[in-house]
Amino acid sequence: MIMDKKAYWNKRFQKEGYVWGTAPSPTAEYAIEIFRKDEAKKILVPGSGYGRNTKPFSESGFQVTGLEISDTACEMAREYDPQTRAYNGSVLDMSMVPGQFDAVYCYNVLHLFREEERFLCLQQCAEKVKDNGLLFFTAFSEREPSFGRGQEVEKNTFESRPGRPVHHFTEAELHDYFQDFQTIESGITEDYEDHGEGPHTHVLLYILARKNSNKII
Ligand SMILES: C[S@@+](CC[C@H](N)C(=O)[O-])C[C@H]1O[C@@H](n2cnc3c(N)ncnc32)[C@H](O)[C@@H]1O
């Protein structure tokens, strides 16, 4: 399964290059302000792609580590954002990434798995965050235009291509995922992109949460 996904993403980056352009998501700028106020220094970006959303962090002075399944994307990232250390591996097993981080910024990766792996992804991220550290995640919402595209393989999870699930969260569900954390803020955010089928707006959910040292994850 992991090899399939790696091949899928490699092919995508080889064919489409900077798939989503180089402008970062507005959520990256938003998270930067929050992480700065929290005096975070070391940031982990799981599913870091070619670096469009790591670069604003590294250019803002954070020490940034990326983790990315596609070696093609990692090579692109090393050129595009050389200040970020990009590891080539899966967010489902972060054993190759040394140390702990003050905060995690994870953009549009959590919805790319079936349920069991979504929980594993979050658990792996949580283990990499120090006590009282922050987690900022975005994911596809139920209001995302692609909702319902393909075969429904689990509730609100659709595969337009076999083996490539896309889950659509409700806000309540996202809160459930983060129930062992202290949720600080959540909501809908709209991200404009122009690629593939042309200009479109993603309707995303975001959540900002703190890892509580007094709770067991
Ligand atoms: C929708 S893209 C978002 C990319 C990046 N966060 C950005 O904003 O540019 C999802 C990214 O997650 C990566 N990815 C998918 N499955 C992964 C996995 N199991 N482990 C690590 N990265 C993964 C993909 O290669 C891709 O770069």
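Reader: Let's start with helix α4. Which of its residues are buried?

Author: A word of care before the answer: this is a predicted model. A residue counts as buried when 20 or more other C-beta atoms lie within 10 Å of its own. In α4, which covers residues 71-80, that picks out A73, C74, M76 and A77. They sit on the same side of α4, because the arc they cover around the axis is only 165°.

Reader: What makes a helix put residues on one side like that?

Author: An α-helix has 3.6 residues a turn, so residues three or four places apart point the same way. Now try α2. Its buried residues are T27, A28, A31, I32 and F35. Looking down the axis of α2, you find them within an arc of 145°, so they line one face of the helix.

Reader: And which residues of α2 are exposed on the other side?

Author: P26, E33 and K37. The buried residues of α2, meanwhile, pack against a whole list of elements, including β1 (42-46), α3 (55-59) and β4 (101-107). Also on that list are β5 (129-140), β9 (182-195) and β10 (198-210).

Reader: Are N108 and N132 buried or exposed?

Author: Count neighbours again. N108 has 20 other C-beta atoms within 10 Å, so it is buried; its place is the loop between β4 and α5 (115-128). N132 has 12 within 10 Å and is therefore exposed, and its place is in strand β5.

Reader: What about a count in between?

Author: A23 is a case of that: with 14 C-beta neighbours inside 10 Å, it counts as partly exposed. You'll find A23 in the loop between α1 and α2. Check the distance to N53 as well: the two are 30 residues apart in sequence, yet their C-alpha atoms are 8.1 Å apart in space. For another pair, take A172 in helix α6 (171-177). Its C-alpha atom is 14 Å from that of I184, 12 residues along the chain. A172 has 8 C-beta neighbours inside 10 Å, so it counts as exposed.

Reader: Now the ligand. Which residues come nearest to it?

Author: The shell has 20 residues, and W9, G47, G49, I69 and V91 come nearest. By type, the shell divides into 10 nonpolar, 7 polar and 3 charged residues.

Reader: Last one: how do I read the whole chain?

Author: Start with the elements: 6 helices and 10 strands. The radius of gyration is 16 Å, close to the 17 Å the globule rule gives for 217 residues, so the chain is as compact as a globular protein of that length. Buried residues make up 41% of the chain. Then take the contacts between residues at least 6 apart in sequence: 67% of these join residues at least 24 apart.

Technical notes:
Residues are numbered from 1 along each chain as its sequence is written. This is a predicted model: local features need pLDDT of at least 70, side-chain atom pairs count only at pLDDT 80 or more; totals for chains, interfaces and linings use all residues. A residue is near a molecule or strand if its C-beta atom, placed from the backbone, lies within 6 Å of it. Ala, Val, Leu, Ile, Met, Phe, Trp, Tyr, Cys and Pro count as nonpolar, Asp, Glu, Lys and Arg as charged, and the others, Gly among them, as polar. Helices (H or I, at least four residues) and strands (E, at least two) are DSSP runs, numbered from the N terminus. The arc is that of the directions from the helix axis to the C-beta atoms. Two residues are in contact if their C-beta atoms, placed from the backbone, lie within 7 Å. The radius of gyration is taken over C-alpha atoms; the globule rule is 2.2 Å times the number of residues to the power 0.38.
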